Amino acid sequence: SPDANVASVYFGSPSGNSFGQVEGGWNAAAPYLLIGSNHADGTVRIRSGSAVEAVRVDRSGNVGIGTTTPDSTLTVTGTARIQRSGAHAPLNFQRYGAAAADNVIAEINFQGNDSAGVRTDYAYIDAISTTVTDGSESGALTFNTNSSGTTGERVRITAAGNVGIGTTTPLSKLDVYGTQASDPHITVSAIGTVGGYLATLGDLG
C-alpha cells in the first residue's frame, strides 16, 4: 500500500558509485529516517553552524563527539554533562549476559598517556557482583591504582560496608593489613608540638 512505501535519495560519483543515502520509510508500527554511507570505508559526519565537524560515525559504528577519530563505541573530546529537571540524573552501568558471582559489573578507568605516548590506566574503580542469588544480591566496590606499571586493588568496600585497606576480606568496619610486621599499618600525625591520637568513642563496656 502507499503507506508502506520507502523513499530514498542516493549520492554518488559520476561513474555511478554510490556512497551516501537518505531514506525514509513509513508504516504504522515503525516509521524511520535513515542517514548513512553505502561505502565500506564511508563515514557519516555532522557539522555545526560554524562549518566545524561536531559528530562523526566511522565505518565501525564508533561515534565521536569533538573528535574525528573515535576509538570506542562513544568517544567524547571535551566536557560532558548529564542533567534532569526536577530529579536526580542517573548514570547507569549494566552488564548484559548470564549472572555470575564475582563478575566486574562496571569499571571507571582514569587514563592518561605515559612518556612513550601510550594510553595507560593509572587508576580505576570496579563494581563487583559478589552474590547474584535472586532476592539476596550483594555487591562490592574496589579502588585500584597503578604502582610501577602494575595495577592492583588497594581498597575494598564490601556489601556489609566494611572497608579493607590491603585486604579483600575486611572483617570489621576498617581493616588495615600490611605485608610485613614491620610496616606501620596506621600512622597518626599532627602539625605542631601536639602529637596526633586515635580516639575511641562509645560504650566500651
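Biologist: In which loop is Ala51 found?

Modeller: This is a predicted model, in which local features need pLDDT of at least 70, side-chain atom pairs count only at pLDDT 80 or more, and totals for chains, interfaces and linings use all residues. Residues are numbered from 1 along each chain as its sequence is written, and side-chain values use heavy atoms, with hydrogens and water left out. Ala51 has a phi near 65 degrees, a positive value in a residue other than glycine. With strands taken as DSSP runs (E, at least two residues, numbered from the N terminus), Ala51 is found in the loop between strand 4 (44-47) and strand 5 (53-57).

Biologist: Does Asp102 count as buried or exposed?

Modeller: Asp102 is found in the loop between strand 7 and strand 8, and although Asp102 is not a glycine, its phi is positive, at about 65 degrees. Buried means under 20% relative accessible area, exposed over 50%, and partly exposed in between (1.4 Å probe, protein chains only). Because its relative accessibility is 57%, Asp102 counts as exposed.

Biologist: What is the relative accessible area of Ile108, and why is Ile108 partly exposed?

Modeller: Ile108 is found in strand 8, which covers residues 103-113. Ile108 is called partly exposed because its relative accessible area is 39%.

Biologist: Which strand gives the largest share of the lining of the largest pocket?

Modeller: The lining of the largest pocket includes Thr69, Asp71, Leu74, Val76 and Arg119. A pocket here is an open set of points on a 1 Å grid with protein on both sides within 12 Å along at least five of seven lines, and lining residues have an atom within 4 Å of a point. The largest share of this lining, 3 residues, comes from strand 7 (residues 74-76).

How values were computed: Helices (H or I, at least four residues) and strands (E, at least two) are DSSP runs, numbered from the N terminus. On a 1 Å grid over the protein atoms alone, a cavity is a set of points where a 1.4 Å probe fits but cannot get out, and a pocket is an open set with protein on both sides within 12 Å along at least five of seven lines; lining residues have an atom within 4 Å of a point.
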